[in-house]
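Here are a few notes to read alongside the structure. Take them in order, with the model open next to you.

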Amino acid sequence: MDIASSSLYQAHKVAPMRQPSPPVNSCSLGSVSVIGFSLPQITSPSLAKCSRKQSSYGVVRACVAVEQKTRTAIIRIGTRGSPLALAQAYETRAKLQSKHPELTEDGAIHIEIIKTTGDKILSQPLADIGGKGLFTKEIDEALINGHIDIAVHSMKDVPTYLPEKTVLPCNLVREDVRDAFICLTAASLADLPAGSVVGTASLRRKSQILHKYPSLSVEENFRGNVQTRLSKLQGGKVHATLLALAGLKRLSMTENVASILSLDEMLPAVAQGAIGIACRTDDDKMANYLASLNHEETRLAVACERAFLETLDGSCRTPIAGYAAKDDEGNCYFRGLVASPDGTRVLETSRKGPYVFEDMVKMGKDAGQELLSRAGPGFFGN
């Protein structure tokens, strides 16, 4: 990618522009227009409630759409309220409608926005406020209580255990699993001068950055949705950041990418790029709907990676990465990694075997057991 032509790289040269007000019934869901960034336009036919405010980057327009149910919805989708979460919910809705004509009628699918603990507490690192389940707990509760019928999650946010009375039978086709490097002044991590600060809320990213580039510094409480983190970067709070390429693709924001990190440079989080959809265990109707969307190759890869994570059972302060994929011969190739937070110690392993559920889960568990043994007592903390 030509860095000099990216909109992010040129952000500081763009003059503030007032965007025209979107027409009624055509507001972008949760969209924020910030100078220097091309943000998603997720349209909805529903009535929208919009607000405007002034920021240091120019006019910021935020629109939060309120779905109007014209009749009892056939499917109520629960999701977080970030632009990325909404994009994933709308992708799910579109796929359901393409498979089931009865769901194309107005009001047949209702999207319910649910604020989670992870969305509410932004002032502390994720590791300090619990880690596991921070972005799923309230959505799971709404599912169990019958307030929603299905829950759409980023799979890397889903704990290895599922709450009672819920099942996760569906994964959509997986997006690109790699991480993207975002920077105003450099094309890659290797090009950053010594002492440069990279912002990330991920211990996995932090440990791998410091392991390969010990001269860099990492700001680990670099939290917020994609738009928030890009605004912080443009505001000079850090020199660079890393974001999941999958999320940027779903938000149509890949023009902000300076470069894409290879899997050798940055192994992804377990289940990165995968969307999971849960329902209640006793809801056969929803299970049938979800069965029509499931991408089995993705489901098996995610199962392998989550078996690895579950076996390690690391605390939220343990950097862990894992990736399973089908190779050219049709077999499963898995790579796993654990590290110390400061990057001084990184342990890796790999496995290869049949692309079959039982074999892949066994591979993930076996790889986890190996790294547990090699790491020794105390490596994973409390």
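1. First, a term: a residue is called buried under 20% relative accessible area, exposed over 50%, and partly exposed in between (1.4 Å probe, protein chains only). Helices (H or I, at least four residues) and strands (E, at least two) are DSSP runs, numbered from the N terminus. With that in hand, look at helix 8: its buried residues are Thr 298, Leu 300, Ala 301, Val 302, Ala 303, Cys 304, Glu 305, Arg 306, Ala 307, Phe 308, Thr 311 and Leu 312.

2. A word on what you're looking at. This is a predicted model, where local features need pLDDT of at least 70 and side-chain atom pairs count only at pLDDT 80 or more, while totals for chains, interfaces and linings use all residues. Residues are numbered from 1 along each chain as its sequence is written, and side-chain values use heavy atoms, with hydrogens and water left out.

3. Why call helix 8 largely enclosed by the rest of the structure? Because 12 of its 17 residues are buried. The cover over those buried residues includes strand 6 (166-171), strand 13 (320-326), strand 14 (332-339) and helix 9 (357-375).

4. Zooming out, the protein has nine helices and 15 strands. Of its 382 residues, 53% are buried. Contact means heavy atoms within 4.5 Å; among contacts between residues at least 6 apart in sequence, 67% join residues at least 24 apart.

5. Now a loop residue. Ser 196 sits between strand 7 (179-183) and strand 8 (197-199). Is Ser 196 buried or exposed? It is buried, with a relative accessible area of 5%. Setting aside neighbours within four places in sequence, Ser 196 is in contact with Leu 216, Ser 217 and His 239.
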